[in-house]
Amino acid sequence: MDVVTGGVTVVCGDSLKYTDFGLTNMTADHDGVRSDGGIDALDPPPRDVMDEETLKPETLARNAPRLETVVQLLNNPALARIYVYVCYWGPVAPPEIMEALDLSKSTTYEYVDRLVDLGLVDRDDSTRPQQLTADPIVIVEQYAPIVITPTVLHALALQEVDEDVAYFIDRYGIGKLIAALRGAGLHFAGKTTQRMVATDIDVRETEAMMIVYALKPALVVGRDHDPFFEYLFPDVADEMDLPDLDQVSDTPTRSSDLDG
Amino acid sequence: MDTDTPFSADQDVLVDANIFYAIGSPSNPPYQRFRSVVQNAGVVCKLPRRVIGELGGPETDRVRTALDEGWATIIDAPSPTDGDAVAASDIAKRTIANETDQPEHEVEKTDAILAGLAIQYIRDRSSAGVVVLTDDKPAKKGIENAVRAQGYTDTIAVHGLEDIIGDNSGDSMRLI
(Lines give C-alpha, C1' and ligand atoms only; values in the text may rest on other atoms or scores of the structure.)
Protein backbone atom coordinates (compact mmCIF):
# COMPACT_ATOMS: atom_id res chain seq x y z
CA MET A 1 0.00 0.00 0.00
CA ASP A 2 1.23 3.46 -0.78
CA VAL A 3 2.16 5.66 2.09
CA VAL A 4 -0.16 8.63 1.75
CA THR A 5 1.19 10.75 4.54
CA GLY A 6 4.59 12.21 4.99
CA GLY A 7 6.37 13.72 7.92
CA VAL A 8 4.38 15.83 10.29
CA THR A 9 5.86 18.79 12.03
CA VAL A 10 4.52 19.15 15.53
CA VAL A 11 5.29 22.23 17.53
CA CYS A 12 4.12 22.42 21.07
CA GLY A 13 5.49 25.29 23.06
CA ASP A 14 9.14 25.56 22.24
CA SER A 15 9.77 21.95 21.31
CA LEU A 16 9.89 21.03 17.65
CA LYS A 17 9.43 17.44 16.67
CA TYR A 18 9.31 15.71 13.33
CA THR A 19 7.45 12.49 13.17
CA ASP A 20 5.38 10.08 11.18
CA PHE A 21 1.83 10.19 12.37
CA GLY A 22 0.61 7.24 10.34
CA LEU A 23 -2.49 9.28 9.66
CA THR A 24 -4.05 6.79 7.30
CA ASN A 25 -5.05 4.78 10.30
CA MET A 26 -5.31 7.67 12.66
CA THR A 27 -8.75 8.99 12.11
CA ALA A 28 -10.51 7.22 9.29
CA ASP A 29 -12.59 5.15 11.64
CA HIS A 30 -13.58 7.95 13.97
CA ASP A 31 -16.98 9.50 13.58
CA GLY A 32 -16.99 12.53 11.35
CA VAL A 33 -13.22 12.89 11.31
CA ARG A 34 -11.58 13.02 7.91
CA SER A 35 -8.13 11.58 7.67
CA ASP A 36 -6.84 14.12 5.23
CA GLY A 37 -7.95 17.40 6.78
CA GLY A 38 -8.74 18.59 3.28
CA ILE A 39 -11.06 17.92 0.40
CA ASP A 40 -9.39 15.33 -1.75
CA ALA A 41 -6.39 13.09 -1.18
CA LEU A 42 -3.46 14.44 -3.15
CA ASP A 43 -0.75 12.50 -4.91
CA PRO A 44 1.34 10.37 -2.59
CA PRO A 45 4.34 12.27 -1.22
CA PRO A 46 7.83 11.43 -2.42
CA ARG A 47 9.28 8.28 -0.83
CA ASP A 48 12.32 10.07 0.49
CA VAL A 49 10.37 12.27 2.89
CA MET A 50 10.76 9.43 5.36
CA ASP A 51 14.32 8.75 6.41
CA GLU A 52 15.95 6.45 8.90
CA GLU A 53 16.18 9.19 11.48
CA THR A 54 12.46 9.86 11.31
CA LEU A 55 11.63 6.18 11.40
CA LYS A 56 13.77 5.29 14.39
CA PRO A 57 11.56 3.35 16.78
CA GLU A 58 12.52 5.64 19.64
CA THR A 59 11.57 8.72 17.60
CA LEU A 60 8.22 7.21 16.73
CA ALA A 61 7.64 6.19 20.31
CA ARG A 62 8.48 9.63 21.63
CA ASN A 63 5.89 11.26 19.45
CA ALA A 64 3.10 8.77 19.91
CA PRO A 65 1.59 10.48 22.97
CA ARG A 66 1.32 13.79 21.08
CA LEU A 67 -0.61 12.05 18.32
CA GLU A 68 -3.05 10.65 20.84
CA THR A 69 -3.68 14.03 22.40
CA VAL A 70 -4.48 15.62 19.08
CA VAL A 71 -6.91 12.83 18.22
CA GLN A 72 -8.59 13.41 21.58
CA LEU A 73 -9.03 17.09 20.80
CA LEU A 74 -10.36 16.45 17.31
CA ASN A 75 -12.87 13.94 18.59
CA ASN A 76 -14.00 15.91 21.59
CA PRO A 77 -15.06 19.48 20.81
CA ALA A 78 -15.95 20.21 24.44
CA LEU A 79 -12.40 19.31 25.43
CA ALA A 80 -10.99 21.33 22.53
CA ARG A 81 -13.08 24.32 23.62
CA ILE A 82 -11.53 24.39 27.09
CA TYR A 83 -8.06 23.80 25.68
CA VAL A 84 -8.45 26.75 23.28
CA TYR A 85 -9.82 28.97 26.04
CA VAL A 86 -6.87 28.24 28.34
CA CYS A 87 -4.42 28.55 25.45
CA TYR A 88 -5.78 31.94 24.39
CA TRP A 89 -6.65 33.53 27.72
CA GLY A 90 -4.44 31.77 30.22
CA PRO A 91 -3.34 31.93 32.89
CA VAL A 92 -6.89 31.33 34.04
CA ALA A 93 -8.47 29.64 37.01
CA PRO A 94 -11.18 26.97 36.67
CA PRO A 95 -13.97 29.25 37.99
CA GLU A 96 -13.28 31.68 35.14
CA ILE A 97 -13.58 28.84 32.63
CA MET A 98 -16.88 27.77 34.19
CA GLU A 99 -18.27 31.25 33.87
CA ALA A 100 -16.89 32.15 30.44
CA LEU A 101 -17.89 28.86 28.82
CA ASP A 102 -21.09 28.37 30.80
CA LEU A 103 -20.08 24.96 32.14
CA SER A 104 -20.87 23.18 35.39
CA LYS A 105 -18.21 22.89 38.05
CA SER A 106 -17.96 19.12 37.72
CA THR A 107 -17.66 19.22 33.94
CA THR A 108 -15.00 21.92 34.09
CA TYR A 109 -12.83 20.08 36.59
CA GLU A 110 -13.28 16.76 34.80
CA TYR A 111 -12.13 18.23 31.48
CA VAL A 112 -9.31 20.22 33.04
CA ASP A 113 -8.04 17.04 34.68
CA ARG A 114 -8.12 15.27 31.33
CA LEU A 115 -6.29 18.09 29.59
CA VAL A 116 -3.64 18.08 32.33
CA ASP A 117 -3.30 14.31 32.05
CA LEU A 118 -2.88 14.63 28.29
CA GLY A 119 -0.13 17.16 28.82
CA LEU A 120 -2.05 19.86 26.94
CA VAL A 121 -2.67 22.09 29.96
CA ASP A 122 -0.24 22.98 32.75
CA ARG A 123 -1.62 23.41 36.24
CA ASP A 124 0.10 25.61 38.80
CA ASP A 125 -1.07 24.50 42.22
CA SER A 126 1.16 26.88 44.11
CA THR A 127 -1.51 29.58 44.04
CA ARG A 128 -5.15 29.57 45.10
CA PRO A 129 -7.09 29.28 42.93
CA GLN A 130 -4.88 27.15 40.73
CA GLN A 131 -3.75 28.77 37.50
CA LEU A 132 -3.95 26.99 34.14
CA THR A 133 -1.92 27.66 31.02
CA ALA A 134 -1.63 25.86 27.69
CA ASP A 135 0.95 26.00 24.93
CA PRO A 136 -0.45 26.45 21.43
CA ILE A 137 -0.22 23.42 19.20
CA VAL A 138 0.41 23.31 15.47
CA ILE A 139 0.40 20.36 13.10
CA VAL A 140 1.20 21.00 9.48
CA GLU A 141 1.47 18.32 6.85
CA GLN A 142 1.85 19.53 3.31
CA TYR A 143 1.15 16.29 1.49
CA ALA A 144 -2.20 15.33 2.96
CA PRO A 145 -2.71 18.37 3.45
CA ILE A 146 -3.34 18.88 7.14
CA VAL A 147 -3.20 22.06 9.13
CA ILE A 148 -4.26 22.08 12.77
CA THR A 149 -3.71 25.22 14.82
CA PRO A 150 -5.53 26.79 17.78
CA THR A 151 -7.73 28.62 15.26
CA VAL A 152 -8.73 25.31 13.69
CA LEU A 153 -9.44 23.77 17.09
CA HIS A 154 -11.47 26.86 17.98
CA ALA A 155 -13.53 26.47 14.79
CA LEU A 156 -14.12 22.84 15.69
CA ALA A 157 -15.05 23.76 19.27
CA LEU A 158 -17.65 26.28 18.09
CA GLN A 159 -19.99 23.35 17.38
CA GLU A 160 -20.57 23.26 21.14
CA VAL A 161 -22.26 26.66 21.05
CA ASP A 162 -23.22 27.27 17.40
CA GLU A 163 -25.83 25.12 15.72
CA ASP A 164 -24.67 26.13 12.23
CA VAL A 165 -21.18 24.83 12.91
CA ALA A 166 -22.64 21.68 14.48
CA TYR A 167 -24.79 21.10 11.40
CA PHE A 168 -21.88 21.65 9.03
CA ILE A 169 -19.55 19.23 10.83
CA ASP A 170 -22.29 16.65 11.18
CA ARG A 171 -22.93 16.79 7.45
CA TYR A 172 -19.44 17.28 6.03
CA GLY A 173 -16.83 16.45 8.68
CA ILE A 174 -13.82 18.25 10.04
CA GLY A 175 -11.80 18.29 6.82
CA LYS A 176 -14.39 20.37 5.08
CA LEU A 177 -14.78 22.60 8.12
CA ILE A 178 -11.08 23.47 7.85
CA ALA A 179 -11.57 24.14 4.15
CA ALA A 180 -14.53 26.40 5.01
CA LEU A 181 -12.40 28.20 7.61
CA ARG A 182 -9.79 28.93 4.96
CA GLY A 183 -12.57 30.06 2.59
CA ALA A 184 -14.04 32.33 5.28
CA GLY A 185 -10.65 33.96 5.80
CA LEU A 186 -10.29 34.56 2.06
CA HIS A 187 -13.82 36.01 1.97
CA PHE A 188 -13.16 38.48 4.79
CA ALA A 189 -9.94 39.47 3.00
CA GLY A 190 -11.96 40.20 -0.14
CA LYS A 191 -10.22 37.46 -2.14
CA THR A 192 -13.26 35.33 -2.89
CA THR A 193 -17.03 35.51 -2.86
CA GLN A 194 -19.10 33.30 -0.62
CA ARG A 195 -20.63 31.60 -3.67
CA MET A 196 -17.14 30.74 -4.88
CA VAL A 197 -16.40 29.20 -1.48
CA ALA A 198 -19.48 27.02 -2.01
CA THR A 199 -18.18 25.81 -5.36
CA ASP A 200 -14.61 25.38 -4.14
CA ILE A 201 -15.52 23.16 -1.20
CA ASP A 202 -18.54 21.57 -2.86
CA VAL A 203 -21.31 22.56 -0.47
CA ARG A 204 -24.59 24.36 -1.18
CA GLU A 205 -24.42 28.15 -1.44
CA THR A 206 -26.70 28.41 1.56
CA GLU A 207 -24.33 26.30 3.60
CA ALA A 208 -21.26 28.24 2.51
CA MET A 209 -22.79 31.60 3.47
CA MET A 210 -23.96 30.18 6.78
CA ILE A 211 -20.59 28.70 7.73
CA VAL A 212 -18.58 31.76 6.63
CA TYR A 213 -20.37 33.88 9.23
CA ALA A 214 -20.50 31.12 11.84
CA LEU A 215 -16.70 30.77 11.75
CA LYS A 216 -16.10 34.50 12.12
CA PRO A 217 -15.36 34.27 15.90
CA ALA A 218 -12.50 31.81 15.25
CA LEU A 219 -10.92 34.32 12.84
CA VAL A 220 -11.55 37.37 15.03
CA VAL A 221 -9.85 35.77 18.04
CA GLY A 222 -7.31 33.71 16.11
CA ARG A 223 -5.63 36.59 14.37
CA ASP A 224 -5.04 38.20 17.78
CA HIS A 225 -4.22 35.18 19.93
CA ASP A 226 -3.07 32.33 17.70
CA PRO A 227 0.71 32.52 17.14
CA PHE A 228 0.29 30.05 14.28
CA PHE A 229 -2.49 31.92 12.48
CA GLU A 230 -0.28 32.44 9.44
CA TYR A 231 0.06 28.71 8.85
CA LEU A 232 -3.54 28.76 7.67
CA PHE A 233 -3.46 32.27 6.20
CA PRO A 234 0.09 32.98 5.01
CA ASP A 235 -1.30 35.28 2.30
CA VAL A 236 -4.17 37.15 3.94
CA ALA A 237 -3.55 37.10 7.72
CA ASP A 238 -3.33 40.90 7.84
CA GLU A 239 -5.99 41.68 5.27
CA MET A 240 -9.18 40.42 6.89
CA ASP A 241 -11.89 42.97 7.45
CA LEU A 242 -13.11 41.84 10.86
CA PRO A 243 -14.09 43.62 14.08
CA ASP A 244 -11.20 44.25 16.46
CA LEU A 245 -11.24 42.05 19.50
CA ASP A 246 -11.46 45.08 21.80
CA GLN A 247 -14.75 46.07 20.13
CA VAL A 248 -16.34 42.76 21.01
CA SER A 249 -18.24 43.20 24.22
CA ASP A 250 -17.85 39.77 25.76
CA THR A 251 -14.11 39.51 25.24
CA PRO A 252 -12.79 37.35 28.06
CA THR A 253 -10.26 39.11 30.26
CA ARG A 254 -7.03 37.61 31.40
CA SER A 255 -7.09 36.86 35.11
CA SER A 256 -3.98 39.00 35.50
CA ASP A 257 -6.07 41.95 34.33
CA LEU A 258 -8.71 41.42 37.01
CA ASP A 259 -8.69 43.02 40.42
CA GLY A 260 -7.05 40.96 43.12
CA MET B 1 -29.80 62.20 1.82
CA ASP B 2 -30.25 61.72 5.55
CA THR B 3 -26.91 61.75 7.31
CA ASP B 4 -27.88 58.86 9.57
CA THR B 5 -28.70 56.46 6.78
CA PRO B 6 -27.38 55.76 3.31
CA PHE B 7 -31.00 55.39 2.17
CA SER B 8 -33.59 57.95 1.17
CA ALA B 9 -37.28 57.28 0.70
CA ASP B 10 -38.47 55.80 -2.60
CA GLN B 11 -35.07 54.37 -3.45
CA ASP B 12 -34.96 50.83 -4.74
CA VAL B 13 -32.78 48.75 -2.43
CA LEU B 14 -31.48 45.51 -3.95
CA VAL B 15 -30.13 43.09 -1.38
CA ASP B 16 -27.76 40.14 -1.74
CA ALA B 17 -28.25 36.94 0.26
CA ASN B 18 -25.04 37.38 2.26
CA ILE B 19 -26.49 40.49 3.93
CA PHE B 20 -29.22 38.35 5.46
CA TYR B 21 -26.69 35.77 6.61
CA ALA B 22 -24.49 38.49 8.06
CA ILE B 23 -27.29 39.99 10.16
CA GLY B 24 -28.36 36.57 11.43
CA SER B 25 -31.71 35.63 12.88
CA PRO B 26 -34.41 38.14 13.94
CA SER B 27 -33.32 37.93 17.59
CA ASN B 28 -29.81 39.13 16.71
CA PRO B 29 -28.93 42.77 17.44
CA PRO B 30 -27.46 43.28 13.91
CA TYR B 31 -30.76 42.04 12.41
CA GLN B 32 -32.69 44.47 14.57
CA ARG B 33 -30.39 47.36 13.70
CA PHE B 34 -30.65 46.58 10.00
CA ARG B 35 -34.45 46.38 10.21
CA SER B 36 -34.72 49.67 12.04
CA VAL B 37 -32.48 51.50 9.52
CA VAL B 38 -34.54 50.13 6.62
CA GLN B 39 -37.89 50.89 8.27
CA ASN B 40 -36.86 54.38 9.40
CA ALA B 41 -35.80 55.23 5.85
CA GLY B 42 -39.14 53.98 4.53
CA VAL B 43 -37.53 51.74 1.94
CA VAL B 44 -38.28 48.13 1.02
CA CYS B 45 -35.48 45.58 0.45
CA LYS B 46 -35.85 43.84 -2.90
CA LEU B 47 -34.65 40.24 -2.84
CA PRO B 48 -34.15 38.50 -6.19
CA ARG B 49 -35.90 35.12 -6.35
CA ARG B 50 -32.54 33.38 -6.67
CA VAL B 51 -31.38 35.07 -3.49
CA ILE B 52 -34.50 33.90 -1.67
CA GLY B 53 -33.59 30.36 -2.72
CA GLU B 54 -30.10 30.78 -1.28
CA LEU B 55 -31.61 32.00 1.96
CA GLY B 56 -33.49 28.74 2.26
CA GLY B 57 -36.80 29.95 0.79
CA PRO B 58 -39.43 32.50 1.83
CA GLU B 59 -40.36 30.53 4.96
CA THR B 60 -36.93 30.88 6.54
CA ASP B 61 -37.32 32.84 9.77
CA ARG B 62 -35.21 35.86 8.79
CA VAL B 63 -36.91 36.13 5.37
CA ARG B 64 -40.47 35.46 6.57
CA THR B 65 -40.13 38.08 9.28
CA ALA B 66 -38.93 40.70 6.79
CA LEU B 67 -41.66 39.85 4.26
CA ASP B 68 -44.41 39.83 6.91
CA GLU B 69 -43.28 43.13 8.38
CA GLY B 70 -43.32 44.64 4.92
CA TRP B 71 -39.70 45.80 4.67
CA ALA B 72 -38.69 43.18 2.11
CA THR B 73 -40.19 41.90 -1.09
CA ILE B 74 -39.34 39.31 -3.74
CA ILE B 75 -38.40 40.38 -7.28
CA ASP B 76 -37.53 38.54 -10.49
CA ALA B 77 -34.05 38.25 -11.99
CA PRO B 78 -33.25 40.54 -14.93
CA SER B 79 -34.53 39.34 -18.27
CA PRO B 80 -31.88 37.34 -20.13
CA THR B 81 -32.72 39.34 -23.27
CA ASP B 82 -32.18 42.75 -21.67
CA GLY B 83 -28.98 43.93 -23.38
CA ASP B 84 -28.03 46.58 -20.80
CA ALA B 85 -28.55 44.19 -17.91
CA VAL B 86 -26.57 41.43 -19.62
CA ALA B 87 -23.73 43.83 -20.41
CA ALA B 88 -23.66 45.03 -16.78
CA SER B 89 -23.61 41.47 -15.47
CA ASP B 90 -20.74 40.66 -17.83
CA ILE B 91 -18.68 43.59 -16.56
CA ALA B 92 -19.37 42.55 -12.98
CA LYS B 93 -18.39 39.00 -13.78
CA ARG B 94 -15.13 40.10 -15.39
CA THR B 95 -14.26 42.29 -12.41
CA ILE B 96 -15.00 39.50 -9.93
CA ALA B 97 -12.84 37.08 -11.94
CA ASN B 98 -10.05 39.61 -11.90
CA GLU B 99 -10.37 40.37 -8.17
CA THR B 100 -10.37 36.70 -7.20
CA ASP B 101 -7.85 35.40 -9.73
CA GLN B 102 -10.41 33.00 -11.15
CA PRO B 103 -11.30 32.32 -14.78
CA GLU B 104 -14.46 34.17 -15.76
CA HIS B 105 -16.51 31.00 -16.21
CA GLU B 106 -15.82 30.11 -12.57
CA VAL B 107 -17.65 33.20 -11.35
CA GLU B 108 -21.04 32.36 -9.92
CA LYS B 109 -23.93 33.76 -11.93
CA THR B 110 -25.73 35.15 -8.89
CA ASP B 111 -22.66 37.16 -7.90
CA ALA B 112 -23.15 39.16 -11.10
CA ILE B 113 -26.93 39.43 -11.53
CA LEU B 114 -27.31 42.26 -9.02
CA ALA B 115 -25.34 44.48 -11.42
CA GLY B 116 -27.82 43.71 -14.20
CA LEU B 117 -30.78 44.27 -11.90
CA ALA B 118 -29.45 47.63 -10.73
CA ILE B 119 -29.11 48.86 -14.32
CA GLN B 120 -32.56 47.57 -15.21
CA TYR B 121 -34.17 49.28 -12.21
CA ILE B 122 -32.53 52.64 -12.75
CA ARG B 123 -33.40 52.63 -16.45
CA ASP B 124 -37.00 51.45 -16.20
CA ARG B 125 -38.46 52.34 -12.82
CA SER B 126 -36.38 54.20 -10.26
CA SER B 127 -36.63 57.92 -10.08
CA ALA B 128 -35.07 58.22 -6.64
CA GLY B 129 -32.05 56.02 -7.30
CA VAL B 130 -30.93 52.48 -6.58
CA VAL B 131 -28.89 51.13 -3.67
CA VAL B 132 -27.28 47.70 -3.91
CA LEU B 133 -26.23 45.91 -0.71
CA THR B 134 -23.72 43.06 -0.70
CA ASP B 135 -21.25 41.80 1.88
CA ASP B 136 -18.84 40.39 -0.74
CA LYS B 137 -16.04 42.79 -1.65
CA PRO B 138 -15.27 41.40 -5.13
CA ALA B 139 -19.01 41.47 -5.98
CA LYS B 140 -19.26 45.04 -4.69
CA LYS B 141 -16.40 46.09 -6.92
CA GLY B 142 -17.95 44.26 -9.86
CA ILE B 143 -21.23 46.11 -9.50
CA GLU B 144 -19.42 49.43 -9.06
CA ASN B 145 -17.47 48.88 -12.27
CA ALA B 146 -20.61 47.95 -14.20
CA VAL B 147 -22.38 51.05 -12.91
CA ARG B 148 -19.43 53.26 -13.85
CA ALA B 149 -19.12 51.73 -17.32
CA GLN B 150 -22.77 52.45 -18.04
CA GLY B 151 -22.65 55.96 -16.62
CA TYR B 152 -24.96 55.61 -13.61
CA THR B 153 -22.58 56.53 -10.77
CA ASP B 154 -24.84 59.38 -9.69
CA THR B 155 -27.93 57.26 -9.31
CA ILE B 156 -26.70 53.82 -8.23
CA ALA B 157 -24.81 53.34 -4.96
CA VAL B 158 -23.24 50.10 -3.73
CA HIS B 159 -22.81 49.49 -0.01
CA GLY B 160 -21.65 46.78 2.37
CA LEU B 161 -23.43 45.93 5.61
CA GLU B 162 -21.01 48.07 7.61
CA ASP B 163 -22.19 51.15 5.74
CA ILE B 164 -25.74 50.45 6.88
CA ILE B 165 -25.50 49.37 10.51
CA GLY B 166 -22.08 50.72 11.41
CA ASP B 167 -18.82 49.07 12.28
CA ASN B 168 -20.02 47.27 15.37
CA SER B 169 -20.82 43.87 13.97
CA GLY B 170 -18.74 42.32 16.72
CA ASP B 171 -20.74 43.64 19.63
CA SER B 172 -23.07 40.67 19.78
CA MET B 173 -20.61 37.97 18.82
CA ARG B 174 -20.13 34.96 21.02
CA LEU B 175 -16.41 34.36 20.77
CA ILE B 176 -16.07 30.83 22.11
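Predicted model: local features only at pLDDT ≥ 70, side-chain atom pairs only at ≥ 80, totals over all residues.
After H5(A) comes Gly119(A), with a positive phi near 80°.

S5(A) pairs with strand S6 (residues 146–148) of chain A in the antiparallel sense, over three bridges. Within this pairing, Ile139(A) has Ile148(A) of S6(A) as its bridge partner. The two strands form a hairpin, with four residues between S5(A) and S6(A).

Stepping back to chain A as a whole, the model contains eleven helices and six strands. Chain A has 260 residues, of which 46% count as buried. Among the contacts in chain A with a separation of 6 or more, 68% are between residues 24 or more positions apart. Chain A is divided into domain 1, residues 7–75, and domain 2, residues 77–133. Where these domains touch, four residues of domain 1 of chain A are in contact with six residues of domain 2 of chain A. On the domain 1 side, the contacting residues comprise two nonpolar and two polar residues, with no charged ones.

Most residues other than glycine have a negative phi, and most peptide bonds are trans. Against that background, chain A has a cis peptide bond between Gly90(A) and Pro91(A), with omega about 0°. Pro91(A) sits in the loop that connects helix H3 (77–89) to helix H4 (94–101) of chain A. Another cis peptide bond joins Arg128(A) to Pro129(A), with omega about -5°. Here the proline, Pro129(A), lies in the loop between strand S3 (122–124) and strand S4 (131–133) of chain A.

In chain A, Asp202(A) has a phi near 60°, and Asp202(A) belongs to the loop between helix H8 (194–201) and helix H9 (205–214). With 12 C-beta neighbours inside 10 Å, Asp202(A) counts as exposed. In chain B, Asp101(B) likewise has a positive phi, near 60°. The loop holding Asp101(B) runs between helix H5 (83–100) and helix H6 (109–124) of chain B. Asp101(B) is exposed too, with 9 other C-beta atoms within 10 Å.

Chain B also provides a clear view of a strand covered on both faces. In a regular strand the side chains alternate between the two faces of the sheet. In strand S1 (residues 12–15) of chain B, Asp12(B) and Leu14(B) lie on one side, Val13(B) and Val15(B) lie on the other, and all are buried. S1(B) runs parallel to strand S4 (residues 130–133) of chain B, joined by four bridges. One of the partners in this pairing is Val130(B) of S4(B), which bridges to Asp12(B). S1(B) is also parallel to strand S2 (residues 45–48) of chain B, with two bridges between them. There, Cys45(B) of S2(B) stands opposite Val13(B).

Finally, the two chains meet in a contact that takes 30 residues from chain A and 24 residues from chain B. On the side of chain B that touches chain A, at least two residues come from each of helix H1 (17–23), H5, H6 and helix H7 (137–149). H1(B) gives the most to this side, with four residues. By class, the chain B side has nine nonpolar, eight polar and seven charged residues.

Key:
Residues numbered from 1 in each chain as written. Chains lettered and ligands numbered in written order. Buried ≥ 20, exposed ≤ 12 C-beta atoms within 10 Å, placed from the backbone. Contact = placed C-beta atoms within 7 Å. Nonpolar A, V, L, I, M, F, W, Y, C, P; charged D, E, K, R; others polar. Pairing = 2+ DSSP bridges. Domains from an automatic or database assignment.
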